[in-house]
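Subject: The structure we talked about

Hi,

Here is the structure I promised to pass on.

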Amino acid sequence: MNETAPTTTISVPALGLRPTRTDTAPLPAYESHSSLSTYEGCPLRYAFRYVERVPGEERPGQYAFGSAVHRAFEVYVRERIRARVDGGPPPDPELLRLVLDEELTGSGLPPDAIEDARRRAEPALARFLAMDATRDAEPVAVELGFGADVVLPDGAGAIRFVGYLDRVDRAPDGSTEIVDYKTGRARDQADVHRDRQLTAYAYAAARGALRDPTTGAILPPASRLGLYFADTGTLLWTTRDADRLAAFEAWLGATGAGIHGRDFPARPERWRCDWCEYGKSCAASAAPPDPAGASGGAA
Ligand code: SF4
């Protein structure tokens, strides 16, 4: 784990959202990098979201921009793959804008926010086309799912580790290149080297868990992994060696063992609870109380 945090369970006040079924409710059948990272940050948040399935607070349109841009990239590259496989013409670049518009229109954002998102996204689409044109690797898959069983330490069973990759390309030498799209702030090279989600993807590839959706063949391990930042058009690459992959597998095992042991302490920190979808209702929250009143217990 990469966060320092107290390990004792906080006693939860009588009022507010608190766990009620974490000892008995079924555990999830699958774990992702996101779910395991949630557990690492605050096991109680994991329990609310993944064990008790308590609906959290979401701001309307919170993910609209990122989802629309991701979807536009996905559809366009999927059409590129289809054209290569079927021998048809490449997709019209206009497809990017059409998909973006459709996604934003159905996002639930108010009209002025849709217009803002469109203004921000249009240059990002142009940058994406420019980046795509410079790639000498050919796209193989988009939104590619994977699953790998990970054995937990001390005979605690196993977890099914799953995920989706934004894009998988085949390099001219036949190796696999994995690209993840980011629509938030751009990060620097050191941050990309540290990125654990990329390590998860490299781990899946090294485990032989990625298959070419056209041929069904297992894709070779990743020769490099990249984060593409849509707001700047920057594509930064990194690699993962065997030691990093072994450390990642150990983290999967330790985190999965905590979940299987149903160890769900609260780890309230002001910054964490401010961002948590249960921050205004959780009885253990370190966020300031909601002036309109607590949302109340939901379990
Ligand atoms: S509000 Fe804070 S303590 Fe409560 S679940 Fe969220 S992160 Fe954990």
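Predicted model: local features only at pLDDT ≥ 70, side-chain atom pairs only at ≥ 80, totals over all residues.

Below is what turned up, starting with the ligand and moving on to the helices.

**Around the ligand**

The shell around the ligand is made up of 15 residues, and the ones that come nearest are Cys42, Arg45, Cys273, Cys276 and Cys282. Sorted by class, the shell holds 10 nonpolar, 2 polar and 3 charged residues. Two helices, α2 (43–51) and α9 (270–275), each put at least two residues into that shell. The biggest contributor is α2, which gives 3 residues.

**Helix α2**

Is α2 enclosed or open? It is largely enclosed by the rest of the structure, because 9 of its 9 residues are buried. If you want to click through them, they are Pro43, Leu44, Arg45, Tyr46, Ala47, Phe48, Arg49, Tyr50 and Val51. Note that the list includes Arg45 and Arg49, and that Arg45 is also one of the residues nearest the ligand. As for what they pack against, the buried residues of α2 sit against α1 (33–41) and α8 (242–260). Just past the end of α2, Arg53 has a positive phi of about 55 degrees.

**Leu44 up close**

Leu44 is part of α2. It counts as buried because 27 other C-beta atoms lie within 10 Å, where 20 or more is the cut-off. Leaving out residues up to four places away in sequence, Leu44 touches Pro19, Phe264, Pro265, Ala266 and Ala284. Leu44 and Cys276 are 232 residues apart in sequence, yet their C-alpha atoms are 11 Å apart in space. Cys276 is another of the residues that come nearest the ligand.

**How α3 and α5 pack**

The other thing to look at is a helix pair. Helix α3 (residues 64–86) packs on helix α5 (residues 111–134) at an angle of about 30 degrees, and their axes are 11 Å apart. Angles under 35 degrees count as roughly parallel, so α3 is roughly parallel to α5. Their crossing is right-handed. On the α3 side the contact is made by Ala64, Phe65, Ala68, Val69, Ala72 and Phe73, and on the α5 side by Ala117, Arg120, Ala121, Ala124, Leu125 and Phe128. By class, that contact has 11 nonpolar residues, no polar ones and 1 charged.

Cheers

Note on methods. Residues numbered from 1 in each chain as written. Near = placed C-beta within 6 Å. Helix = DSSP H or I, 4+ residues; strand = E, 2+ residues; numbered from the N terminus. Nonpolar A, V, L, I, M, F, W, Y, C, P; charged D, E, K, R; others polar. Axes fitted to C-alpha atoms, helices over the stretch in contact; angles between N-to-C directions. Parallel < 35°, antiparallel > 145°, perpendicular 65-115°, else oblique. Left-handed = near helix turned anticlockwise from the far one by under 90°. Contact = placed C-beta atoms within 7 Å. Buried ≥ 20, exposed ≤ 12 C-beta atoms within 10 Å, placed from the backbone.
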